[in-house]
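Subject: Structure handover

Hi,

Here is the structure you asked about. My notes follow below it.

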Amino acid sequence: MAYPHFRVIFTRLYAQFVKELLCILRDPRNRVVVFVPPLLQLLIFAYAATLEVRNVDVAVYNQDRGREAQEVVWHLEAARFIAQVHHVHSNTALREQLAQGKVIAALAIPADFSRTVAIEGSGHVQVLVDGRRSNSGQIVVGYLSSIAKDMRLTTDPVPLPESSIAVRHWFNPNLVYLWFMVPGLTGTLAFFSALMITALSIARERELGTFDQLLVSPASTLEIILSKSLPALLISTLLALMMISMAIWFFHIPFTGSFGLLLIGLILFILSAVGIGLVVSAISMTQQQAILGGFVIGVPTVLISGFATPVENMPLLLQWLSQAIPLTHFLVIIEGCFLKAMPPQDVLTNIWPLAVIALVMLPLAIIFTRSRLQ
């Protein structure tokens with residue numbers, strides 16, 4: 001007796017699933033909007049959203065004509081991150097270059113620099129940095145410090161001994177910024193895709209007037225939620241897999257972890273985002289409200305997730321809050337699977353919070369939707 005009942009439920013669920021897919025993908029323009037912008041954003045943001053500093057200009061006021069001072073200038077002109085070295089002939093001109101924003105850093109080499117190096121083995125160079133570009137300025141200071149460490153200013157003909165410290169960069173030997181940025185962008189764009197698709201689902205039904213038909217349909221609230229969740233899960237998972245393929249084949253990022261565990265984490269991550277989107281959609285009266293609600297939730301989620309800044313640098317309250325955000329855990333999974341060959345136990349440590357978030361958000365969406373149906 002129970003078999004026909006489940007067969008009817010499956011038939012209703014399948015019909016709603018097909019209807020929801022057709023609502024999203026029937027219009028060619030919708031198909032373009034769903035798939036093309038995230039892929040283009042991955043291409044653009046991968047090169048635009050970078051903390052690397054390149055092609056910057058610096059100013060130099062060299063008051064010393066000795067070999068050591070000239071060697072400092074040569075190292076600056078040979079540095080890959082510097083586009084042009086502006087030579088000035090006064091402290092006033094040096095500060096004007098900085099004040100007008102023409103350079104990000106200015107170096108003043110004193111007149112006794114070479115003599116000081118010959119006597120003491122080292123010298124001092126004044127470095128002025130544009131504080132209006134604080135983050136880039138700090139990075140430039142780090143680059144200049146590396147140049148200073150690499151220089152060997154000495155008049156002793158005997159070569160200096162090699163340093164006893166050898167630096168090796170694990171997981172990203174050449175410090176390629178794309179290797180860090182692209183996996184994080186993949187998770188972020190997949191989150192926004194799942195969030196916006198589901199945030200518009202119920203709100204679209206209510207705005208078009210078809211939501212009233214759900215009130216008189218034999219479908220239960222659970223069936224309605226499943227019919228809204230499964231298409232978004234399918235589309236967002238497919239989109240995320242396309243971006244992962246681009247990361248491997250287009251950006252040539254090595255994938256060293258388990259694809260199976262990544263896929264499990266991806267599905268749970270998308271389910272969590274779908275649950276959040278359904279809650280937003282259930283409490284929104286129009287699609288405009290749903291879009292605004294998606295951005296109100298999505299933007300802080302990305303900022304707190306650790307995508308841009310480490311979670312450990314945040315206040316303790318925000319660190320606790322970040323653990324309730326699915327993107328926080330998925331970023332660890334996808335970045336670990338790409339570069340780190342993360343052990344299965346470490347992946348599972350970040351998978352179970354995604355399962356908990358999904359199990360909390362989906363019932364919460366059912367509660368909000370049922371309140372709207374009554």
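A helix here is a DSSP run of H or I with at least four residues, numbered from the N terminus. Please keep in mind that this is a predicted model.

With that in hand, take residues 351-369. The chain there is 100% helix and 0% strand. The end C-alpha atoms of this stretch lie 27 Å apart. Residues 32-50 are 89% helix and 0% strand, and their end C-alpha atoms are 27 Å apart. Both stretches carry the UniProt feature "transmembrane region", from an unreviewed entry. That record also places the feature at 177-203, 232-253, 259-283 and 290-308.

Now the domains. Domain 1 is made of two pieces, 12-48 and 176-372. Domain 2 covers 56-157. The centres of domain 1 and domain 2, taken over C-alpha atoms, are 48 Å apart.

Two residues are worth a look.

Alanine 355 sits in helix α14, which runs over residues 344-373. Its relative accessibility is 24%, so alanine 355 counts as partly exposed. Proline 326 is 29 residues away from alanine 355 in sequence. In space, the two are 9.2 Å apart, C-alpha to C-alpha.

Glutamine 97 belongs to helix α4, residues 91-99. Is glutamine 97 buried or exposed? It counts as buried, because its relative accessibility is 16% and the cut-off for buried is under 20%. Leaving out residues up to four places away in sequence, glutamine 97 touches Ala59, His86, Val88, Lys102 and Val103.

Best wishes

Technical notes
Residues numbered from 1 in each chain as written. Predicted model: local features only at pLDDT ≥ 70, side-chain atom pairs only at ≥ 80, totals over all residues. Heavy atoms only, no water. UniProt positions renumbered as here; feature names shortened; annotations may be inferred. Helix = DSSP H or I, 4+ residues; strand = E, 2+ residues; numbered from the N terminus. Buried < 20%, exposed > 50% of the residue type's maximum accessible area, 1.4 Å probe, protein only. Contact = heavy atoms within 4.5 Å. Domains from an automatic or database assignment.
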